[in-house]
Amino acid sequence: MSEPLFRDPEAPVADRVGDLLSRMTLTEKVGQVNQRMYGWDAYERTPSGHRLTDAFRAEVAAGDGMGALYGLQRADPWSGVTAETGIGAGDGARVADAVQRYLVENTRLGIPVLLVEEMPHGLQALDGTLLPVNLAVGATWDPELYEEAAALAAAELRARGGHVALVSALDLVRDPRWGRAEECFGEDPYLAARFTEALVRGAQGPAGDRIGPDRAAVVLKHFAGQGATVGGRNSAATELGARELHEIHLVAALAGVRAGAAGVMAAYNEFDGVPCAASRHLLTEVLRERWGFGGLVMADGLAIDRLVRMAGDPVAAGAMALRAGTDLSLWDDCYPRLAEAVGRGLVDESALDTAVGRVLALKFRLGLFENPYTTARPPAPGRLERLSERIARASVTLLEHDGATLPLAGRRIGAVAVIGPNADSVPQQIGDYTAPQRPGTGSSVLAGIRAAAPGGTAVTYAPGCGLVGGDRSGLPKAVALAAAADVVVLVLGGSSARESGTRFDANGAAVVAAGNPVEMTCGEGVDLAELGLPEGQSALLEAVAATGTPVVVVLVQGRPHALPDLTGTAAAVLSAWYPGPWGGRAVADVLFGAAEPQGRLPVSVPRSAAQLPVFYNGKDHGYRGYVDQPATARHPFGHGLAYATVEYGEPRLSLTAAGADGFARDGSTAPVTCEVRVSNTGTRPVRETVQLYVRRVLGGTTWPRTRELRGFVQVELAPGESADVTFPLDARTLASFTYIGEWAVEPGEFAIGTGPSSHRTQEAGLTVTAGRDGSARQPSMTRASVR
């Protein structure tokens, strides 16, 4: 008897899906759209290894199969999985294969399961290699470097038996009070889009029907607008119009879809009064009908259960999400009852078939029916660790500098005092969504400085104060060390480190209310009303600076803290974000000059929380500022200093006028180019990030923004060297979201600016006329299909 069509690896995926669907019962279909179980409940550790639990077997039996299993290898205080009870690197593939074998051998159709893991900045599993958090990745302005790291992280995931990587990529830091700011690439849609493309290319490999055995399917989080919730409050509502949604919050998602992302996760927040998991407008009309997305839509954890208060009961809530376009659930009690929803006529079985088909299609793309078991080898030892450190080094951003104190290797230094609550803690520099680290993993800033300091240099240390609170009992020792040193490295900031005493919501978000002693100042569920440094840290900074010893402030942080004017207080200020386990070495390399500071701000640094929003590309219409303080950022988007000095020439356009029809919709032609000369006038080499901004001066169908990033190029310059950097100005550069509901190049006057940051540009004027040659007889705009 011949094999059924769905078993034929040479058949088209659509045909295999159709054949398998025709053989499935309603119960089996419902099982395929469910991801109800926490993966760590599927096994238990015994003296002889790991064994599958009765709860896992019961879950498989309930649906005669399982669509996906989340977090089999997750370990952290929320899951309760520790190094003693969890799955290490040596056992990952074996346990994953045991899960898969049970599904294949103990269900009627033998459909394999998708094993879904968190990979926000490396695999969240015991022995998983961590990268710096996304905000640090964004500070590199180097998508190619991130693409390389994403590929290795995906290979590590597949080598341990996982298939699907959940990665935050689509959210923007529009309000830094939001605790999940660290998971964003920055505040700008263009920058986030370039990193989202790099993520998909790296993790999934070349676009196509197949995802290789050493690559992972990417589900992009979160769709859409979660970074714009009111007040920076986690999972709250957003207040966005259509233009703001498309121009800002959907740009990275569109880039990820165009790059071939296997899936997106519907966000918790609501848009226009409807939670994203129930928004047919977002999930079907925009994502599928307008963009042509054919991949998977996954709900966020327990998000569908939140629809019960709208729908009335769990059965109706599941039907609501399914009708909207949510294909795969996560932990909720609603999707297991979809058979009831079909029976009650709340949703057609054809809608269920469509969702099941998308789940099955991904399994076929991953090759799980041909080989459901692990075949990938892990990356070479140390390779991903080295990339993690490279990203950390490239992300260190020099915000202020007196021009003389750094690099430390250029000065005679007998003693360096390393002070601050973040100076000697690896857990406080690795961010949220991390597994427990093995002893000896990583390097703190203190350890990095001790290793980098030249022989004969004494390195002293005192924490000075706690991470939170106002206790000043540690100040005297810190002040004494500072007074006796030649330079102070003061390591301040925040932490997303989850402790065993932290309380969690059912979806894993931390519960850190006012007055809670847990020392988390960032992370999921940890929103702040005030953005300044805690009282104790501020007092420490003031006391140490009063000694007169030069102070270099290093901020280890997951969000941009509001900074006072530190002129005359600090000789230099650097942001290291959460640089990952080996970030201490990276910071030390920059401090001592073994590496040049090359990070650029992916987000604006506010002066205070009271002036928010402060993102650079808001529509301020010439607002002059508050009476008591400026409305501008302390440090603007794109800012970052170097040890060298760089001069920019004026931008030169190949044409000063062009017709709208000359800009091809797909961006394949660029009728205009912009060229700028960049010169290193310093005595040290520099890796300069040359930025291109577009500002609409006149015309169009909406009020213009101040300026928008539309290009960047990194160029390495030796001392005295110059280079000409050229940017193509195509449809994607000049397009805006118009009244017709599409991206289009509209006639009008544009200012094309180049420079080292969003607030330091020189501009040249460009006129876009109607038609190709300025004739009014031609169409008035050119649509752009991709931004």
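Predicted model: local features only at pLDDT ≥ 70, side-chain atom pairs only at ≥ 80, totals over all residues.
His-401 belongs to strand β11, which covers residues 397-401.

Leaving aside residues up to four places away in sequence, His-401 touches Leu-406, Ala-571, Ala-572, Leu-641 and Tyr-643. With Leu-406 there is also a polar approach: a polar atom of the His-401 side chain lies 3.0 Å from the backbone nitrogen of Leu-406. Thr-701, by contrast, stands 300 residues from His-401 along the chain, and the C-alpha atoms of the two are separated by 43 Å.

## The largest cavity

Rolling a probe the size of a water molecule over the atoms shows where empty space is left. The count is six cavities of 30 Å³ or more. The largest of them holds about 180 Å³ of space. Its lining consists of 20 residues, with Arg-696, Pro-704, Arg-705, Glu-708 and Ser-736 the closest to the centre.

Strands β23 (686-699) and β24 (708-717) each contribute at least two residues to the lining of the largest cavity. The largest share, three residues, is that of β23. By class, this lining comprises ten charged, seven nonpolar and three polar residues.

## The second largest cavity

The second largest cavity contains about 110 Å³ of space. Its lining is made up of 19 residues, and those nearest its centre are Glu-118, Asp-300, Tyr-433, Asn-507 and Glu-524. Eight residues of the lining of the second largest cavity are nonpolar, seven are charged and four are polar.

Note on methods. Residues numbered from 1 in each chain as written. Heavy atoms only, no water. Helix = DSSP H or I, 4+ residues; strand = E, 2+ residues; numbered from the N terminus. Contact = heavy atoms within 4.5 Å. Polar contact = N/O pair within 3.5 Å; in protein donor to acceptor, adjacent residues only side chain to side chain. 1 Å grid on protein atoms, 1.4 Å probe; cavity = no way out; pocket = protein on both sides within 12 Å on 5 of 7 lines; lining within 4 Å. Points joined across faces, edges and corners; volume = space filled by probe spheres on them. Nonpolar A, V, L, I, M, F, W, Y, C, P; charged D, E, K, R; others polar.
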